[in-house]
Structure formats: C-alpha cells, structure tokens
Amino acid sequence: MKKIVFVPLLLFFLNSCSSVRVNSDYDKNVNFTQYKTYAFYKTGIDKVEISDLDKKRILRSIDECLATKGFTKSETPDLLINFFTKEREQVDVNQFNMGWGYGWGWGWNPWMWGGNNTVTRYSEGTLYINLIDAKKKELIWQGEGEGVLTKDTNKKDEVIKDFVTKILEQYPPHKK
C-alpha cells in the first residue's frame, strides 16, 4: 500500500518542480482586439543581462506563439514587445530524522538514531514579457512566468518555450 501512495506523491513532486507558474496584469481600459501586428523593442531587449543565445531562444519562442495567435511582424507595429529576466539561486535544506537518542513516546526507536541532511541548489528564474502600445508608448499588458532553469543546452529550448508559451496563454486577457 505504501508504494501506491509513494509513486503518485513522487510524480506530483516532480511535476510541480518542472512547471512554470504564471501571472499577468493588464490595462482594463484597453481594447485588445485592435492589435494585430508587433515588433520587438530592440533598445529594451539589448539591456537584458542574459546570453545572446538565450535572447534568440526567447525571441524565437515569442514569434512562434504570436504567429499561432494570428499576429504578424511589421515595420509599423501595433505592439512593441519587450522582455526582461531575473534569476536567483534557491537552496533547499532537508533535515530528516535529525535527532540522537530515543524516538517519540516511550521506548527505543532504532529509526530515529542518526539522520540525513540533504542540500539541493538550483536556479529559479522569472521571465517578464511586456506588450506596449506602439502609438501611445504605454505598457498595456505584462505576463510573468517563474520556474526552474536549466544549464543543459539540450533542454534550454524546451524550457524557454515552456516559459513563453505558458505566459502568452494569458494573452489576450479574458475580461470578466
């Protein structure tokens, strides 16, 4: 019975670690149906402090997502797209059975003797995608995705595409 309970919990844990948590905010007075074309805000993107390879991955993923939504790139765009990133190192410390001597209650408990410490380090990042009205030069929508990053070059495309796709699923906003 313990194996049946353990496997779903393990799968839930692994799935929750790899997911991207998203949020978005927008100007509630904007009619988003008027926007059909876009261009990247090069000045802002040049300031992002990540590798040029990762910038290309993000730009490519944004292009793909917006194309599926019916947007086209233009020299005279309705929207300007900018993005920026934040990265931080996460440290998780697990102390399991860290006690010496007797266990809970009366009597001797051999499983409580000794213990394990595990330290896990990983990078977590946040990607912000800003949509700016090109004529008014005003921010109209911002999407944010937060999740675990990878240094594995074979997985970077997949991770970045996951971030961008989940963020842009929030656009256009659904007014309630």
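The paragraphs below take up these parts in turn.

This is a predicted model, in which local features need pLDDT of at least 70 and side-chain atom pairs count only at pLDDT 80 or more, while totals for chains, interfaces and linings use all residues. Residues are numbered from 1 along each chain as its sequence is written, and side-chain values use heavy atoms, with hydrogens and water left out.

Helices (H or I, at least four residues) and strands (E, at least two) are DSSP runs, numbered from the N terminus. Helix α4 covers residues 153–168. Its 16 residues, at 1.5 Å a residue, should span 22 Å, and the end C-alpha atoms are 23 Å apart, which agrees. The expected span is 1.5 Å times one less than the number of residues. The N-terminal end of α4 is capped by Asp-152, which has a side-chain oxygen 2.9 Å from the backbone nitrogen of Asn-154.

Which residues of α4 are buried? They are Lys-156, Ile-160, Phe-163, Val-164, Ile-167 and Leu-168. These residues lie on the same side of α4, because they cover an arc of only 115 degrees around the axis. The arc is that of the directions from the helix axis to the C-beta atoms. Asn-154 and Glu-158, on the other side of α4, are exposed. Buried means under 20% relative accessible area, exposed over 50%, and partly exposed in between (1.4 Å probe, protein chains only). An α-helix has 3.6 residues a turn, so residues three or four places apart point the same way.

Asp-54, in helix α3 (residues 52–68), touches Lys-156 and Ile-160, leaving aside residues up to four places away in sequence. Contact here means heavy atoms within 4.5 Å. Asp-54 is itself buried, with a relative accessible area of 14%. Its side chain makes polar contacts with the side chains of Arg-57, at 2.8 Å, and Lys-156, at 3.5 Å. A polar contact is a pair of N or O atoms within 3.5 Å; within protein, one must be able to donate a hydrogen and the other to accept it, and residues adjacent in sequence count only if both atoms are side-chain atoms.

Next come the strands. Strand β2 (residues 37–40) is covered on both faces: Thr-37 and Ala-39 on one side, and Tyr-38 and Phe-40 on the other, are all buried. In strand β5, Asp-133 counts as buried at 7% relative accessibility. The side chain of Asp-133 makes a polar contact of 2.6 Å with the side chain of Tyr-35, and reaches the backbone nitrogen of Lys-136 at 2.9 Å.

Tyr-35 leads on to the aromatic rings. Rings of Phe, Tyr and Trp (its six-membered ring) pair if their centres lie within 6.5 Å; planes under 30 degrees apart count as stacked, over 60 as edge-to-face and the rest as tilted. By this rule the count comes to seven aromatic pairs. Among them, Phe-32 and Tyr-35 form a tilted pair, 6.4 Å centre to centre with 55 degrees between the planes. Phe-32 is buried at a relative accessible area of 8%, and Tyr-35 is buried at 5%. Phe-84 and Tyr-128 form a stacked pair, 4.5 Å centre to centre with 10 degrees between the planes. This pair links distant parts of the chain, since Phe-84 in strand β4 (residues 79–99) and Tyr-128 in strand β5 (residues 114–133) are 44 residues apart. Ring pairs also link Tyr-26, Phe-32, Tyr-35, Phe-71, Trp-141 and Tyr-171 into a cluster.
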